[in-house]
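Please walk me through this structure. Start with how the chains meet, then turn to the side-chain pairs.

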Amino acid sequence: VSNVNGVTFTIVVVLFLVVTGVGFAAARWRRGGTMMHLDEWGLGGRGFGTFVTWFLLGGDLYTAYTFIAVPALVFGSGSIGFYAVAYTIMVFPIVFIFLPRLWSVSRVHGYITPADFIRGRYGSRGLALAAAFTGILALMPYIALQLVGIQAVLTVMGVGASSSNSFVKDLPLFIAFLVLAVFTYVSGLRAPALIAFVKDTLIYLFVLVAVFYIPTRLGGWSHIFDTAQAHFASVSPATKKPLGTFVPTSASLGSTQFDFASLALGSAVALFLYPHSITGTLAAKRRSVVKRNMIYLPMYSLLLALIALFGYMAVADPVTAANVKRTGNAQLAVPYLFQHMFPSWFTGIAFAGIIIGALVPAAIMSIAAANLFTRNVYTEFIQPDASPARQTRISQWVSLVVKVGALLFAVELPHTFSINLQLLGGIWILQLAPMLIGGLFTRWFHRWALLAGWAAGMIFGTIAAYNVASPTTSHWAGSSDIEFGHTIYIGISAVILNLVIAVALTFVLKAVRAPAGTDETLPHQYTADHADVPAPAPAGVGADPAS
Amino acid sequence: MTQASTRSRSAIAAHPVISAVIAILVAVSILLPLITPIYARTGPRLGDFPFFYWYLLIVMPVISLLLWVAAQLQKRITSEDVQ
């Protein structure tokens with residue numbers, strides 16, 4: 001560990017300790033009567049206003065994905081990486097359509113997970129189990145991405161990376177992870193909500209400084225763009241193809257436009273199917289808070305676009321480009337860029353921001369996965385009469401188990417581009433779209449048809465992703481493949497298959513009058529606000545008369 | 001059927017024009033970033049930024065504004081019905 005910069009290292013450690021302190025103190029912040037209840041531990045008492053919700057959702061949405069994975073893809077392949085920008089723009093109008101409805105019906109019935117809603121809407125434990133399984137599975141690679149992000153920063157800092165002993169090498173990662181695990185366990189959702197303030201302050205600081213300062217060091221934006229354009233047009237000696245694209249290309253050059261659009265659309269629809277984004281939403285105090293956030297959150301997208309451009313800055317800076325090439329790891333582009341451009345104390349602030357920016361969402365995601373398991377697997381199938389305190393305890397333990405699962409994804413899957421971890425999660429979570437988004441608007445779909453469609457989408461998506469090969473890896477190398485002559489995000493092709501099967505089988509099952517299941521929700525509950533609650537649902541209400 | 005359900009149902013029926021405007025605002029907000037061929041080009045530049053890059057930056061506040069208008073309209077048609 002001879003090449004560790006003392007100043008950078010000290011600042012990262014100090015900021016990390018501050019955040020840890022905040023994490024533990026968070027247990028007392030705005031606390032209700034008892035912490036040992038899932039509404040408290042898992043939803044922060046369901047009392048967050050616009051301001052806190054904005055930070056909480058921002059903490060969910062802008063993660064190591066933003067700071068490490070997206071710039072890495074931009075650095076390696078050019079304009080295709082900007083699908084992430086298009087996605088974070090598109091996501092807000094899309095969820096504007098369905099998220100307020102989900103908030104309302106969940107508030108009326110006390111749902112805290114997407115699977116709760118599925119169960120209530122379709123009266124199907126099997127479908128709810130499928131939703132819970134998908135949520136937990138899809139979160140693991142997403143949490144793994146956060147780990148890879150932290151690891152990238154630690155590598156560039158020189159911590160542990162010089163050791164050949166794999167345990168010593170990963171030791172800082174384990175320590176960071178342990179701290180995260182413990183304060184999540186103690187404070188629940190309050191910890192990441194409070195830390196999100198610290199995190200966002202750090203992030204805005206270093207991103208704005210970087211965006212205005214680094215281009216002055218690299219000969220201005222025009223030089224950065226010109227260098228990138230020339231770089232991606234040059235032909236790789238290995239593949240005999242251009243290194244990347246400077247703007248998405250049309251059909252004649254092997255279209256990346258279609259791929260770009262399908263990646264953006266798929267990611268946008270997927271985002272608010274993830275249990276952790278739904279958790280962040282359900283923690284809001286009233287319906288208008290959810291809507292207002294759909295209007296303010298695009299401000300975060302602006303930040304993402306600027307961060308994506310760090311990938312081009314890394315291309316335009318010869319020292320950074322050489323460092324990344326030497327290590328053969330595109331994930332190191334942003335950390336190397338900062339290290340080369342900033343004085344060591346400021347590099348420390350930026351690195352701490354990235355690390356904390358990965359820990360916050362990892363905490364939120366593991367809480368969401370834990371809530372899912374407890375609500376929809378444990379109390380549903382294992383111990384139905386579990387007390388609230390027991391449920392909370394189970395969730396706390398599961399949040400640890402999920403993190404270990406994520407560690408496996410981080411170790412096992414190739415990280416040529418860590419963004420594929422998130423896209424893999426997206427392929428799976430998108431398979432909930434027909435039952436969840438569909439279910440918010442119509443009770444037309446038959447539960448068994450939805451289950452069959454889901455299974456087909458999951459199997460097709462997983463096999464297709466497994467079969468994507470690259471010159472360096474034979475499996476799991478990417479998230480897009482070619483269907484009917486177009487390169488398309490596998491998540492989109494899988495969910496189309498899912499939907500077709502769900503529609504076709506619904507016709508069949510309705511024709512043979514298969515039992516439809518009980519719907520405990522009522523039409524007006526999808527537009528209810530906090531004033532209309534509590535309005536206990538009448539017991540034994542049949543299928544939605546409006547559908 | 002409760003009072004609340006007739007309220008939300010009638011909001012669309014009672015204000016077909018405003019409801020249609022809301023739908024269009026949301027649809028346009030999705031299509032602006034989705035239709036890649038609109039902006040997959042390098043020129044014209046704005047300052048030093050090629051078209052593809054400044055389009056993505058400009059479209060964000062535009063969508064924020066469109067959604068804000070949509071939310072205001074929605075508030076108007078639902079709160080009127082409460083009275």
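**Chain contacts and side-chain pairs**

Across the interface of chain B and chain A, the rule finds one salt bridge. A salt bridge here is a side-chain nitrogen of Lys or Arg within 4 Å of a carboxyl oxygen of Asp or Glu. The model is predicted, so local features need pLDDT of at least 70 and side-chain atom pairs count only at pLDDT 80 or more, while totals for chains, interfaces and linings use all residues. Residues are numbered from 1 along each chain as its sequence is written, chains are lettered from A and ligands numbered from 1 in the order in which they are written, and side-chain values use heavy atoms, with hydrogens and water left out.

The bridge between the chains pairs B:Arg45 with A:Asp226, at 3.1 Å from N to O. B:Arg45 sits in the loop between α2 and α3 of chain B, and A:Asp226 in helix α10 (residues 220–233) of chain A, so the pair joins two chains. Helices are DSSP runs of H or I with at least four residues, numbered from the N terminus. B:Arg45 is partly exposed, at 35% relative accessibility. A:Asp226 is partly exposed too, with a relative accessible area of 38%. Buried means under 20% relative accessible area, exposed over 50%, and partly exposed in between (1.4 Å probe, protein chains only).

Now the interface as a whole. Chain B brings 33 residues to the contact and chain A brings 38 residues, where contact means heavy atoms within 4.5 Å. Together the two chains bury about 3,100 Å², 78% of it on carbon and sulfur atoms. Buried area is the accessible area (1.4 Å probe) that two parts lose on being put together, summed over both. In chain B, the residues that lose the most area to chain A are B:Tyr53, B:Met60 and B:Leu67, together 19% of what that side buries.

Polar contacts also cross over. Four residue pairs between chain B and chain A are in polar contact, both residues at pLDDT 80 or more. Such a contact is a pair of N or O atoms within 3.5 Å; within protein, one must be able to donate a hydrogen and the other to accept it, and residues adjacent in sequence count only if both atoms are side-chain atoms. On the side of chain B that touches chain A, α1 (3–14), α2 (16–34) and α3 (51–82) each supply at least two residues. Helix α3(B) gives the most, with 13 residues.

Which residues are linked in a network of salt bridges? They are A:Arg119, A:Arg125 and A:Glu380. A:Glu380 meets A:Arg119 at 2.8 Å, N to O. A:Glu380 lies in helix α18 (residues 344–382) of chain A and A:Arg119 in helix α6 (residues 114–122) of chain A, so the pair ties together parts that are 261 residues apart in sequence. A:Glu380 counts as buried at 14% relative accessibility, whereas A:Arg119 is partly exposed at 33%. A:Glu380 also bridges to A:Arg125, with the closest N and O atoms 3.5 Å apart.

The whole structure holds 35 aromatic pairs over all chains. Rings of Phe, Tyr and Trp (its six-membered ring) pair if their centres lie within 6.5 Å; planes under 30 degrees apart count as stacked, over 60 as edge-to-face and the rest as tilted. A:Phe225 and A:Tyr312 pair edge-to-face, 6.3 Å centre to centre with 80° between the planes. A:Tyr312 is buried, with a relative accessible area of 0%. A:Tyr312 and B:Tyr53 form an edge-to-face pair as well, at 5.6 Å and 70°. That pair crosses between chains, from helix α15 of chain A to helix α3 of chain B.
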